[in-house]
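This briefing goes through one structure by topic. Please look over the sequence and the coordinates before reading on.

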Amino acid sequence: MKNFSFMRISLWVYLAIFFAYLLGPLVIMSATAFNSPSFPRMTPWECLTFEWFSALFQDERILNGIWNSILVGAGTIVLSVAMGLAGALMLTQIWPKLRATYYTIIIAPILIPGVVIGISTLVFWDRINRMLGLGADSWLSNGLFLTIIGQSTFIASYCMLVLVARLQRYDIALTEAALDLGATHAQAFRKVLLPFMRPAIASAAVLAFLASFENYNTTTFTFGEYPTLTIELAQKVRYGITPAISALAFIIVVLTVFAALANEAGIRRKELVAAARKKATVEELESGKLRLPGFLSSNVAAVALVVVACATVAVVGTATVYNPQQCIADVQEQKRLEADERIQELRRQRDLRRQQQLEEQGEAAPQSAPSTGTGNNSGFGGVFAPGSLSGDEEDGAEAEQEPQGNSSGFGNVFDPGALSNDGEDSGSGN
């Protein structure tokens, strides 16, 4: 019992981690579409805003990329589904010994890197264009044509796998019976086989469109003058993105969830109708009024669909009346105050460091000051000492105050008063 409980808890933990890893980035990116900062981020949360959806619908490059992606997707659906259906029919009718080889050849494009397919498509059709003597602006060099051809090369293989899975459950006796009743092969295909293959064709078309819409590796070499949405997004990421990209991601997620829930609700309704037919009476079958259980109570997908639809209507209604300008202005004012406080703090730290440096220099100055002794140990007799000139002047003043004793050499011949003294002596002598 304990082991069963442990396994059950482990399973729920694993599922929680798995779905958090799978859907966490989508949830976070979708939330950034409603935050006011100009760079996509979820934290810190500033203001609830819907302006990025408006910015998305005003971006001509994004809108042009979406339109080109729709055109390429439509062309890819037609070409890929047609080639996939032909390949599936050939695979079921080919000689059994060649079936494995044929299957390998058809599946090979899936294993080839998209970069190789893109380059080979560009080179091949450029050579065909030159062989036919057409100009550089011919339809063979058109980016729309090259992108559809390049993507259909490998997307047709995906379509073939979906169609083969459906075709393996087809009873070939139905076609043979139609032929025995006088129908042509075209009539048997159109009225017997094609209705049976319709669900698989629809699935293959959806798969082809999604694979074409998100393709980048092959498209980056062939788009020419028709950049798709993935090309535009890649170019925007190089030069900086805005939450408008998050708004686009949110819209794509909502549309995908809405389509998935609608499909599941439709499938569940068909199951309820089939179950009701089995239990219905003859009168109910003749009148066509079947007693179905509560649709919302027995169809979880329908309930989820109604919730998503109501939430979408609520968000759109809120966006039409909500104005985030006051909140954005308050956030900007708060950021300005925080920036001013930060600047003041940096200035205080700078002044404090400067004061500490001055104090350190003041403490180091007395320790490095020269001694005041009269001895002179420097070379050249202290001639180049800073106080040599002032010292000489003081010595000269002291020498003037001393008695005029003669201790100089040359008998005081160069004394300034020598000549006058000599004159007085000679005069008195005469």
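At which residue does H8 bend, and which proline follows within four residues? H8 bends by about 55 degrees at Leu194, and the proline that follows is Pro195. The model is predicted. The secondary structure of its protein chain comes to 17 helices and 0 strands.

**Overall**
- Of the 430 residues in the protein chain, 26% are buried.
- Among contacts with a separation of 6 or more, 68% are between residues 24 or more positions apart.

**Helix H8**
- H8 covers residues 185-214.
- A straight helix of 30 residues would span 44 Å at 1.5 Å a residue, but H8 spans only 38 Å between its end C-alpha atoms.
- The buried residues of H8 include Ala188, Leu193, Met197 and Ala200.
- Further along, Ala204, Ala205, Ala208, Ala211 and Ser212 are also among the buried residues of H8.
- These buried residues pack against three helices: H3 (60-93), H6 (143-167) and H7 (172-180).

**Helix H6**
- H6 has 25 residues and reaches 35 Å from its first C-alpha to its last, which is close to the 36 Å expected at 1.5 Å a residue.
- A bend of about 40 degrees is found in H6 at Thr153.
- Because 18 of its 25 residues are buried, H6 is largely enclosed by the rest of the structure.

**Packing of H6 and H8**
- Two packed helices are described by the angle between their axes and the distance between the axes.
- For H6 and H8, the axes come within 9 Å and cross at roughly 145 degrees.
- The crossing of H6 and H8 is right-handed.
- On the H6 side, the contact is made by Gln151, Ile155, Tyr158, Cys159, Val162, Leu163, Arg166 and Leu167.
- On the H8 side, the contributing residues include Leu193, Phe196, Met197, Pro199, Ala200 and Ile201.
- Ser203, Ala204, Leu207, Ala208, Ala211 and Ser212 of H8 also take part in this contact.
- Cys159, one of the H6 residues in the contact, counts as buried because its relative accessibility is 0%, under the 20% cut-off.

**Disulfide and other cysteines**
- The structure holds 1 disulfide, which joins Cys47 to Cys327 with an S to S distance of 2.0 Å.
- The link of Cys47 and Cys327 is left-handed, with -90 degrees about the S-S bond.
- Cys47 is buried, at a relative accessible area of 1%, whereas Cys327 is partly exposed at 28%.
- Cys310 is partly exposed, with a relative accessible area of 48%.

- Most peptide bonds are trans.
- The bond from Thr43 to Pro44 is cis, with omega near -5 degrees.

- Thr222 is found in helix H9, which covers residues 219-222.
- Is Thr222 buried or exposed? Thr222 is buried, because its relative accessible area is 2%, under the 20% cut-off.
- Not counting residues up to four places away in sequence, Thr222 touches Gly118, Thr121, Gly143, Leu146 and Thr147.

Note on methods: Residues numbered from 1 in each chain as written. Predicted model: local features only at pLDDT ≥ 70, side-chain atom pairs only at ≥ 80, totals over all residues. Heavy atoms only, no water. Helix = DSSP H or I, 4+ residues; strand = E, 2+ residues; numbered from the N terminus. Buried < 20%, exposed > 50% of the residue type's maximum accessible area, 1.4 Å probe, protein only. Contact = heavy atoms within 4.5 Å. Disulfide = S-S within 2.5 Å. Expected span 1.5 Å × (residues − 1). Bend = angle between axes of the 7 residues up to and from the residue. Axes fitted to C-alpha atoms, helices over the stretch in contact; angles between N-to-C directions. Left-handed = near helix turned anticlockwise from the far one by under 90°.
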